[in-house]
Amino acid sequence: MRIAMIGTGYVGLVSGACFADFGHHVACVDKDSSKIDRLNAGVMPIWEPGLEGLVKSNAERGRLTFTTDLPGAVEGAEAVFIAVGTPARRGDGHADLTFVFEAVRELAKVIKPGTVVVTKSTVPVGTGDEIERILREEGVTDVSVASNPEFLREGAAIADFKHPDRIVVGAEDDRAQEVLREIYRPLFLNRAPILITGRRTAELTKYAANAFLAVKISFINEIADLCEAVDADVQDVARGIGLDNRIGPKFLHAGPGYGGSCFPKDTLALLQTADAAGVDQRIVRTTVEVNDDRKNDMVERVAGALGGDVAGKRVAVLGLAFKPNTDDMREAPSIPIVTALVERGAQVSAYDPVAREQAEKIFSGVEFSDDAYAAAEGADALVMVTEWDEFRALDLERVAGSLRGKVLVDLRNVYDPGEAEAAGLRYYGVGRGRPGS
Ligand code: UGA
């Protein structure tokens, strides 16, 4: 199958590389010529485990190409995927579809009858209808428009793409269904379930999935607060409820609130869709509020562990990316937390295994260290913000030796409180009994 992938962001690049790895011929298109030049030279625009090797091996086999030439890429393609960004529009949380519609208008000039246009970007309900309308307006006929939302996570993108829990296809005609079934055939062989549904349903399924996961996180974060008030342990509560198959163990890790390029944006966009439809979505609205407040609570937590005030204190921060295994800083909980600490007069030394370059563009007045121990040197408290694996095996006695104040604020519940105390640290986790008790 010949595929064109418009947009080489996270979803476009990973999907394009994986489709090529399935044996399809994929031309990835992007307007950013320097990005395309770098991709052609084997340089990845994002840090994602396994991606560079996958791109290289498929490019070498001639199945994966990168170009700025949209007409050339679309020529002969049976399916054209749109995987451009759909950021939140400034101010109101609406998904900004400018890039999607621009791509469709360009596509309209060159697309051949019989082609299937597929949205892979996360797009609000009704976007497929609008794409169809634009294509008609541009005089294009006999083209199918389908929705195929992507559920991969950053940091685990390739494994998620190749071993999905499910594939969702929203198609309004047989041709679109057949083409998408053919593209994903290697995954059916691995028994990945495919859900074929209406296009609007597929579009909404993506938002509903992300919103539900966000609800789970805000729920467990509130339960963590309750655990602190009543001296219970949220880790065990999460395990205790997660073993119930109806609830499931995943996405029940209490922490500093969710971040990233998806949950914050998609929950807001879902609320906008609901508003426009005149339907209140109280659970999602509250989830967003709980998550927004969470960052501030985390700053208070650090201040509390330092006796109520961070001014003049030195605070070491471990992990800046919104989650491990990525250099993505979008909506990272570290941003409001570190910013508030600096504003309140703390001196912050930070370390992240890969996000330093991105973080340097965001923070001012922060010292960046080369490793966790260097960050801890002379600090009054060590604050774990992002749970990179390399932090799990820290030598806590060495950390305690480096710190001036012996305070460990573990916002991801990575450490065993007993072990931390035994190493001479005052341990503050999230939802693990009364703080400091
Ligand atoms: C999320 C979804 O998990 C993917 O299925 C989806 O495809 C993607 O959004 C998207 O729409 O593109 P991602 O944003 O890469 O993926 O990252 P997650 O692993 O879901 O984490 C999101 C945030 O939730 C992170 O800040 C993470 O630290 C936080 N989180 C996650 C928790 O605080 N607790 C948990 O138990 C799980």
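**Charged pairs and overall fold**

Tutor: Aspartate 328 and arginine 330 join their side chains in a salt bridge, 2.9 Å from N to O. A salt bridge here is a side-chain nitrogen of Lys or Arg within 4 Å of a carboxyl oxygen of Asp or Glu. The model is a predicted one, in which local features need pLDDT of at least 70, side-chain atom pairs count only at pLDDT 80 or more, and totals for chains, interfaces and linings use all residues. Residues are numbered from 1 along each chain as its sequence is written, and side-chain values use heavy atoms, with hydrogens and water left out.

Student: Is aspartate 328 buried or exposed?

Tutor: Buried means under 20% relative accessible area, exposed over 50%, and partly exposed in between (1.4 Å probe, protein chains only). Arginine 330, its salt-bridge partner, is partly exposed at 45%. Aspartate 328 has a relative accessible area of 7%, so this residue is buried.

Student: Which residue forms a salt bridge with glutamate 102?

Tutor: Glutamate 102 belongs to helix H5 (residues 98-108), and its partner lies 71 residues apart from it, in the loop between strand E2 (25-29) and helix H2 (33-40). Helices (H or I, at least four residues) and strands (E, at least two) are DSSP runs, numbered from the N terminus. With the closest N and O atoms 3.3 Å apart, the partner is lysine 31.

Student: What is the relative accessible area of arginine 246?

Tutor: Arginine 246 meets aspartate 244 in a salt bridge of 2.8 Å, N to O. Aspartate 244 is partly exposed at 24%. Arginine 246 counts as exposed because its relative accessible area is 75%.

Student: How many salt bridges does a search of the whole structure find?

Tutor: Some of the charged residues are linked in a network of salt bridges, namely Arg105, Glu130, Arg133, Glu137 and Glu138. For the whole structure, the search gives a total of 35.
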